[in-house]
Amino acid sequence: MGHLKHKNLITTRERLRDQVAHALRAALISGELRPGEIYSAPGLAEDFGISATPVREAMLDLAREGLVEPVRNKGFRVTEVNERDLDQYSEIRALIEVPVIGRITRTAAREELEALRPVAEEIVRAARGHDLIAYLEADRRFHLSLLALSGNDRLVETVGDLRKRSRLYGLTALDENDQLTPSAEEHIELLDLMLSGDAEAAERCMARHLSHVRSLWAEGAAAAVPR
């Protein structure tokens, strides 16, 4: 199937299975692995230059996240995210995250919020530098670390799962059109509002950010569809 650009993410520093899963997620995000297409573990393993076992295990991890689905005697099909799925993920996240952001604004210590500024700035740098993996990783850390200030571990776990299921497919096309930077800059705006103590404005900003993300999901999914 050709060589994956992200095969160099495989290292000996972490468990091979986890590294393969990370590399496959990166390939999904970039659009190298396309929604609706079926990929075999042996074929992907050949790209990585490793045995099929850790690749198969990694694909099973992705299947549990809803990113792929097993196809008997063939491999794994990349899950196609439809508009209904995107609407539902967006609605659930808004129901959870918007009011929680307001509560955190009212209760979190200033130093706890300020500690997240380097991560918010990292998101913007990654977007401007067209580093997709760094962008998504920093975005994940920012949002989940911010929600962790609520003290509700299950809430953080739930949002983390929703984020995995709503991965942006075909993100490369959006990045090339510089469509990620405005969304990235909203993280700093949100943090500033929270630090100012304006809970209502922070909630509005979070709602707008999630709406922005929803539109990016749709555009990313459309860009990933083979023409």
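This is a predicted model: local features need pLDDT of at least 70, side-chain atom pairs count only at pLDDT 80 or more; totals for chains, interfaces and linings use all residues.
Local features need pLDDT of at least 70 and side-chain atom pairs count only at pLDDT 80 or more, while totals for chains, interfaces and linings use all residues. Residues are numbered from 1 along each chain as its sequence is written, and side-chain values use heavy atoms, with hydrogens and water left out.

Helices are DSSP runs (H or I, at least four residues), numbered from the N terminus. Their expected span is 1.5 Å times one less than the number of residues.

| Helix | Residues | Span between end C-alpha atoms | Expected span |
|---|---|---|---|
| Helix 8 | 13 residues | 19 Å | 18 Å |

In helix 8 (residues 153-165), Leu155, Val156, Val159, Gly160, Leu162 and Arg163 are buried (under 20% relative accessible area; exposed is over 50%, partly exposed in between, with a 1.4 Å probe and protein chains only). These residues cover an arc of only 160 degrees around the axis, so they lie on the same side of helix 8; the arc is that of the directions from the helix axis to the C-beta atoms. They pack against helix 4 (83-107) and helix 7 (132-148). Exposed Asp153, Arg154 and Glu157 sit on the face turned away from the buried side.

The N-terminal end of helix 8 is capped by asparagine 152, with a side-chain oxygen 3.1 Å from the backbone nitrogen of arginine 154. Helix 7 is capped at its N-terminal end by aspartate 131, where a side-chain oxygen lies 3.1 Å from the backbone nitrogen of alanine 134. Buried residues of helix 7 include Leu132, Tyr135, Asp139 and His143.

Serine 51 belongs to the loop between helix 2 (41-48) and helix 3 (52-64). Serine 51 is partly exposed, at a relative accessible area of 46%.

How values were computed. Helices (H or I, at least four residues) and strands (E, at least two) are DSSP runs, numbered from the N terminus. Contact means heavy atoms within 4.5 Å. A polar contact is a pair of N or O atoms within 3.5 Å; within protein, one must be able to donate a hydrogen and the other to accept it, and residues adjacent in sequence count only if both atoms are side-chain atoms.
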